[in-house]
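Thanks for asking me to look this one over. Please have the model open beside you while you read my notes.

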Amino acid sequence: MFAAVFIPVLALVLAACSQNKTMAQGTAEAGTFEQAATTEAETSKQSSEGREPASNTGKTSILVAYFSATGTTKPLAEYAADILHADLYEIVPADPYTAEDLAYYTGGRADQEQNDPTARPAISGFVADMAQYDTVLLGYPIWHGQAPRIISTFLESYDFSGKTILPFCTSHSSGIGSSADNLHGLAPNANWLEGERFAAETSREEIGKWLDENHIKAAGGTASAQAGQFNFETHTVLLNSGYEMPIMGLGTYSLSDEECYNSVTALLKAGGRLIDTAYMYGNETAVGRAVRDSGIPREEIFVITKLYPGEQYANPEKAIQDALDKLDIGYIDMLLLHHPGTNDVKAYKAMEKAVGEGKIHSLGLSNWYVKELGEFLPQVTITPALVQNEIHPYYQENDVIPYIQNLGIVVQGWYPFGGRGHTSELLGDAVISEIAAAHEVTSAQVILRWNLQKGVVVIPGSSNPDHIRENLDLFGFALTDDEMNRINALNRNEKHDWY
Ligand SMILES: NC(=O)c1ccc[n+]([C@@H]2O[C@H](COP(=O)([O-])OP(=O)(O)OC[C@H]3O[C@@H](n4cnc5c(N)ncnc54)[C@H](OP(=O)(O)O)[C@@H]3O)[C@@H](O)[C@H]2O)c1
Ligand SMILES: Cc1cc2nc3c(=O)[nH]c(=O)nc-3n(C[C@H](O)[C@H](O)[C@H](O)COP(=O)(O)O)c2cc1C
């Protein structure tokens, strides 16, 4: 009964909110100057181009503004905005730079501008309401040891009084040097922090570390401080990696190629955006094909896959590349180690390297319990964002779940319905059936909702589109404390698989 209400809402919410990167990019296309120091003629030219002004998502007081002529500075600005849940604003020249303009020491346009301290290249766009930001990260390339003159245009276009400005740059080899100091006079009443130079292809982790060192935090704290909290409005959880993940999705264990393709397609059509696959399931190719065929922007979908012990852990670089090739969706949202095993630390370290290379966004583990985590975590650098373990009303892991969650790691449950061969017993359980009847929902929905209220992400497996829709429809009711306790009391510590 909730499907009709829930599914369109879910589709809208997820389309707008599921991945903060999408929102940030939505603000990247800039409009016209609001408090412009440029000429009226320039302003009217900018307006006539019909660009939308940058708008705030209402979630942050931080703006990441950047100019990037050849795309090197851009990803670093995007990492910062993503980590901080900040708005992103690209400083776009009204008159774009051609390759000829940028050929330096040729007396071309960029050279001329840098040699002329009064040059103020016009910007196509504006920040709609600069007043709402208290911190501005300002990124740019180094041109002849200095910030490009368009950065001067930007700084003279707004009142930065009282705002904190943190500059950063990329360059071929120069440091940030005097380039940032020389900007201070253009925003004299701002609180300028010391800037930092980054090499091309600096990793997201390094940007996160730099932000931490400068005590720049996402609204409400750092990503890691907020990690693990479920947002029942957006149906997502913030991972300690800074990425958001939907809290319910689809498991694909035992689904054959065509079944898997159809199930993932049904999930995506119904508004679901989280898919769990694995090398072992043999269906990564089908998952990737369904994601690509869906027409849904890549960044709205979250795909988890796993490496398997043995050959894959022994040669993890190849295993990661194989997963990327089979999925063929650009990057892997989350890569897990499927089980503890020989070479697991070695495999994880290769996964950490792949995170630095942008091939994987977040890392996690599966079938790791308290003892295993205690041994594993000191050996690795990136704290896993997720642990996926067997969890259902007959096997509740009540000691393990809080231990993992207290580490800022999100818990995800497999076999939510007990796994094949056990589902009818669990779905027919008298207590669960009674609670389901009271809420006019199904036993499956009660079990999934019980998981969500315990802070456990769910990935039920199904090849039935009706079940897939039903399993996403979890937000039109809530279990009372008494109902939660009655389900908690069903625990039998009865594991349904060996790992
Ligand atoms: N990391 C690990 O070691 C590990 C191990 C096992 C599983 N997993 C992951 O966890 C996922 C979930 O486990 P699972 O798929 O094996 O078992 P499960 O989710 O506990 O149960 C799947 C069974 O439930 C049925 N089902 C699904 N939705 C239903 C509904 N609304 N009403 C009635 N029946 C329903 C399915 O049948 P229909 O097809 O007819 O809907 C299927 O037979 C896996 O797909 C996999 O991604 C991970
Ligand atoms: C006109 C111009 C002048 C440059 N001058 C310097 C320089 O003085 N020192 C340096 O290390 N790199 C210099 N570079 C290289 C850029 O700073 C470097 O490639 C930067 O990462 C480009 O960033 P972007 O791709 O975001 O525009 C210059 C590039 C251009 C186009």
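1. Helices here are DSSP runs of H or I with at least four residues, and strands are runs of E with at least two, numbered from the N terminus. Axes are lines fitted to C-alpha atoms, for helices over the stretch in contact, and angles between N-to-C directions run from 0 to 180 degrees.

2. A word on conventions before going further. This is a predicted model, in which local features need pLDDT of at least 70 and side-chain atom pairs count only at pLDDT 80 or more, while totals for chains, interfaces and linings use all residues. Residues are numbered from 1 along each chain as its sequence is written, and chains are lettered from A and ligands numbered from 1 in the order in which they are written.

3. Pairing requires at least two DSSP bridges between two strands. Strand E11 (residues 274–276) is joined to strand E12 (residues 302–307) by 3 bridges, and Asp-276 stands opposite Ile-304 in E12.

4. There is also an open sheet of 3 strands, ordered E7-E8-E9, whose pairing is antiparallel. The edges are strand E7 (230–231) and strand E9 (244–246), each pairing on one side only. Between E7 and strand E8 (residues 236–238) there are 2 bridges, and Asn-231 stands opposite Thr-236 in E8.

5. Back to H13 (residues 316–327): its axis and that of helix H14 (residues 344–356) come within 9 Å and cross at roughly 55°. Pro-316, Glu-317 and Ile-320 in H13 meet Lys-346, Ala-347, Ala-350, Met-351 and Ala-354 in H14; contact means C-beta atoms, placed from the backbone, within 7 Å. By class, this contact has 6 nonpolar, no polar and 2 charged residues. Ala, Val, Leu, Ile, Met, Phe, Trp, Tyr, Cys and Pro count as nonpolar, Asp, Glu, Lys and Arg as charged, and the others, Gly among them, as polar.

6. Val-431, Ile-432 and Ile-435 in H18 meet Glu-483, Arg-486 and Ile-487 in H21, a contact of 4 nonpolar, no polar and 2 charged residues.

7. Which residues come nearest to ligand 1? Gly-251, Tyr-253, Trp-414, Gly-461 and Ser-462 do, out of 29 around ligand 1; a residue is near if its C-beta atom, placed from the backbone, lies within 6 Å. Helix H20 (465–472) and helix H17 (423–427) each supply at least two residues of this shell, and H20 gives the most, with 3 residues. The shell has 10 nonpolar, 16 polar and 3 charged residues.

8. Finally, ligand 2 has 21 residues around it, of which Ser-68, Thr-70, Thr-72, Thr-73 and Pro-141 come nearest. By class, the shell around ligand 2 has 8 nonpolar, 12 polar and 1 charged residues.

Conventions. Two residues are in contact if their C-beta atoms, placed from the backbone, lie within 7 Å.
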